[in-house]
Amino acid sequence: MPRNLTPRRTSNALRWAITIVLAAISSGGCSEKLTSVNIPLNSNRIPYEHRARNATRATTLAGVAPPDAPGTTRVRPPGSGDTTTSASRAGGPDTVPDGFFVGLALSGGGSRSANFAAACMFQLERLGLLSRVDYISSVSGGSLTAAYYCLARDEYWNPANVQRRLTHAFANDLILQTLVPWNTLTLWFTDWDRSDVLADCFTPVLFSRKGRALSFGDLRRDRPRLLINATDLQSGRRFIFTDESFNELNSNLAKYPIARAVTASAAVPVLMHHVTLRDYSTNFRQYRHLIDGGITDNLGVQTLAETYSSQIESAAREGRPDPYPHGAVLIVLDARSQFDALLSDKGDMGFIEGLATGAGLTSTALLNRASTATLSELVVRNAADDISAKELRAQIEGLEKGGSLTLRGRNGKPVRVIHLALSHLDDLSTLPFHSFRERVSTIGTYFNISATEAFNLYQAAELLVHERFEGELTELEAAIREGRTPEPATRPGTWPTKQEGTR
């Protein structure tokens, strides 16, 4: 045997050769399974009119009964003094017969958004508003929190458990998994990609139960309906993981892993690979390729507005009573902030640091501009037909600077928008220490976050709610509970906007 080919080296070479062969076999034999994990709902031999339809908690056209429909009772959260518990919401399609459409939008922004959203949701829960939410629409990092809340058992939805799980270093897991030799070979020789790895990192920490990966069929019926937003790479339009979208693909949403949908919502172009869905509506091999939902709407609020409008229009077409006679409440949890690279003490940067800083500034500026445009579009789309351009500008400014706005939709019903954003920290009179805003602004949008950074986000959420939004949120909860139109907030700690009195 040659001196440079010892038995140990022979064994290692053989192991590598076997690994390469297995990877090549996987590439040829299992590429379809690795490309897309969604499965068909019906055989294409079944006529369209006889095909089964998806029926999960992820839908935009749920049957909602008006509050005075026969057999319905007003829903109150547990502990409110009513004998009706949240478990009663599991029966039947009329899950919230209180006359309000209450939507919660969770913005993108990696682990920063995930933790800020969770911190705000615990504040909403304290005020009794979280149990009133009908729909949660999420983007990117916000989808981690939204999906976890809609799946988690009661004993797992608490600050200690949520903080531990959402501060997990998912980005580190992703890097380590891709560096494992056999994984590296699989990434080279098969359709298994970085997004598959990230989904596998999310699953054991957030989306599994007794070793089983959770799917859309596991969504709790007593939690809000979940709308996870991504972007279709081919058309550039929003793709929402709903029954309606999967009906078009003739695919079974109940069996689709939640972690895959969350990964699609957070698949930042270039950094991550797109998530692929097979279109089973045809025998020809057709696919949908999905990337980060923040590209089309980094707030997730447009999906809520469209869901509200479509349900009202559907009821009108079918001659049914308006399911939301008291209007809509849209609460936007916005984790965006101004970019701060902390470069003032540096004379020059290396190539990698300069590239990363430039990319961070570009992406932050683009997403912030897109979010501002989304808020403006939200106001315009829900404004009455006879409103002037001057009034529209005033309303948009009131929402961006004041944090809340009440306007009348096209159906004449009030739409209250609450914009609970990290950017509003600038307007608070008291902060825990100097430069607190700067510390929050420098938290990255990756899927890594330190304990101190997460603590600052929880502190920011508590400060924003206590000092700025508590009075208004308390009034909203009381109005929904009592079934009346919300009045302008007058409690201490609330900053009414100029438009609050325009009802």
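Tutor: Here is a close look at one helix pair.

This is a predicted model, where local features need pLDDT of at least 70 and side-chain atom pairs count only at pLDDT 80 or more, while totals for chains, interfaces and linings use all residues. Residues are numbered from 1 along each chain as its sequence is written, and side-chain values use heavy atoms, with hydrogens and water left out.

Okay, find helix H6, residues 170-179, and helix H8, residues 194-206. (Helices are DSSP runs of H or I with at least four residues, numbered from the N terminus.) Their axes lie 9 Å apart, and the packing angle is about 130 degrees. Axes here are lines fitted to C-alpha atoms over the stretch in contact, and angles run from 0 to 180 degrees between N-to-C directions. H6 and H8 are therefore oblique to each other: under 35 degrees would be roughly parallel, over 145 roughly antiparallel, 65 to 115 roughly perpendicular, and the rest is oblique. The crossing of H6 and H8 is also right-handed, that is, the near helix is turned clockwise from the far one by less than a right angle.

Now zoom in on who touches whom, with contact meaning heavy atoms within 4.5 Å. H6 brings Phe 170, Asp 173, Leu 174, Gln 177 and Thr 178, and H8 answers with Arg 194, Val 197, Leu 198, Cys 201, Phe 202, Val 205 and Leu 206. Sorted by class, that contact has eight nonpolar, two polar and two charged residues.

Technical notes:
Helices (H or I, at least four residues) and strands (E, at least two) are DSSP runs, numbered from the N terminus. Ala, Val, Leu, Ile, Met, Phe, Trp, Tyr, Cys and Pro count as nonpolar, Asp, Glu, Lys and Arg as charged, and the others, Gly among them, as polar.
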